[in-house]
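Reader: I am new to this structure and would like to learn how to read its features one at a time. Could you show it to me and begin with how a helix packs?

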Amino acid sequence: MCDNVVVPPHPVPPHPGSTGLHVPAGAFAIRTTDSSGLGAFASHNIKKGECILSESPLVQWTLQASEKTTAGLVSLVNALPQGAYEEYCSLCQNPMHGSGPKSLYGIWLSNAYPCTSPMQALRDRQSGMEEEEIERTKAVFASACRFNHSCSPNAHASWNAQRGQQVIYALCDIARGAEIGVSYLENACNMRRAQRHEQLGFTCKCAACDVSGLQLAQSDQRRGRTGAIFAMLEPIIRAADKRAVALVSERLDLMKLESMREEWNTLFCAASYFALAGDARQASRWAAQAADSARHGLGSDSDEFQHYAACAARWHARCPMMRG
Ligand SMILES: [Zn+2]
């Protein structure tokens, strides 16, 4: 039955500047960690799907291809009010962006998040946009940039285009006092530990990295396999090849073993396959699951949730039994 279509559980939050946005106050506190400088810790027991933070940028800047200079960034930072300027300058600089004294650009390179949703980045790629054009506008945030990286994150950070803010949602229940970690890497679940550390430019000390011997070999093997499946999926789906379903299921199983909870893309791969294969019922069912996952990780006003929920509804309407 097509009875699994997602309906947003609550109205889409108002746009900031209208009646204001409800973000629970004080979900986290910034304090010193044992090993990674400052970090964000849960101030109370946080539920899966809870919005932990929704924050406007301190500085938002677009590096123009023709510009080749950071003068624009420097003038934006210098124009900040004193408190905001100090917040910016207090952020860390990753040694891969300069081991000497901190620079405004070094801080930018170490902290800026893209102001593009992953779905928009995908659309840009599919429309043939050059890689260097995609995710060119980035932003630095006073609080969001304090959350440390984890390779098995319990929260997800993303740009919310409707709000014009960076949002962080809990991917699972987080106990009071636990550190809240987000992934700085788009596809940490596809990378072995050494690859992750190379991309990060530092040695991550998260629970997923704090393993050795057989455990490390197994984790590396699982993440290598999820990466291989990820690379295989697109052409297989395009060909409406039924192997897509087994590959999606295998990837979801491997992600669970790695405590990787950002499942929406993978779930939607199965929905896309069934849509192309002409099975509207299964397409709707998988799209509804993708929407549910995206609602928890990205919010109900995210591009992803709205797209998946709309697909689930559209395919649901095509189910033969429902039309009958
Ligand atoms: Zn790690």
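Author: The buried residues of helix 3 pack against helix 1 (71–78), helix 2 (82–90) and strand 6. Helices (H or I, at least four residues) and strands (E, at least two) are DSSP runs, numbered from the N terminus. This is a predicted model, in which local features need pLDDT of at least 70 and side-chain atom pairs count only at pLDDT 80 or more, while totals for chains, interfaces and linings use all residues. Residues are numbered from 1 along each chain as its sequence is written.

Reader: Which residues of helix 3 are buried?

Author: A residue is buried if 20 or more other C-beta atoms lie within 10 Å of its own, exposed if 12 or fewer, and partly exposed in between, with C-beta atoms placed from the backbone. In helix 3, which covers residues 104–111, the buried ones are Gly106, Ile107, Trp108, Ser110 and Asn111. For the protein, 40% of the 324 residues count as buried.

Reader: At what angle do helix 1 and helix 3 pack?

Author: Axes are lines fitted to C-alpha atoms, for helices over the stretch in contact, and angles run from 0 to 180 degrees between N-to-C directions. The axes of helix 1 and helix 3 are 10 Å apart, and the angle is about 95 degrees. Angles under 35 degrees count as roughly parallel, over 145 as roughly antiparallel, 65 to 115 as roughly perpendicular and the rest as oblique, and helix 1 and helix 3 are therefore roughly perpendicular to each other.

Reader: Which residues of helix 1 meet helix 3?

Author: Two residues are in contact if their C-beta atoms, placed from the backbone, lie within 7 Å. Leu73, Val74 and Val77 in helix 1 meet Leu104, Tyr105 and Trp108 in helix 3.

Reader: In what order do the strands of the open sheet stand?

Author: Two strands pair if DSSP finds at least two bridges between them. Here three strands form an open sheet in the order 4-6-5, with antiparallel pairing. Strand 4 (59–62) and strand 5 (113–114) each have a single partner strand and stand at the edges, so one side of each is left without a neighbour in the sheet. Strand 5 pairs with strand 6 (residues 137–140) over two bridges, and tyrosine 113 stands opposite alanine 139 in strand 6.

Reader: How many residues does the largest nonpolar core have?

Author: A nonpolar core is a set of buried Ala, Val, Leu, Ile, Met, Phe, Trp, Tyr and Cys residues joined through C-beta atoms within 7 Å. The largest one has 66 residues, and Val140 and Tyr308 are among those with the most contacts inside it.
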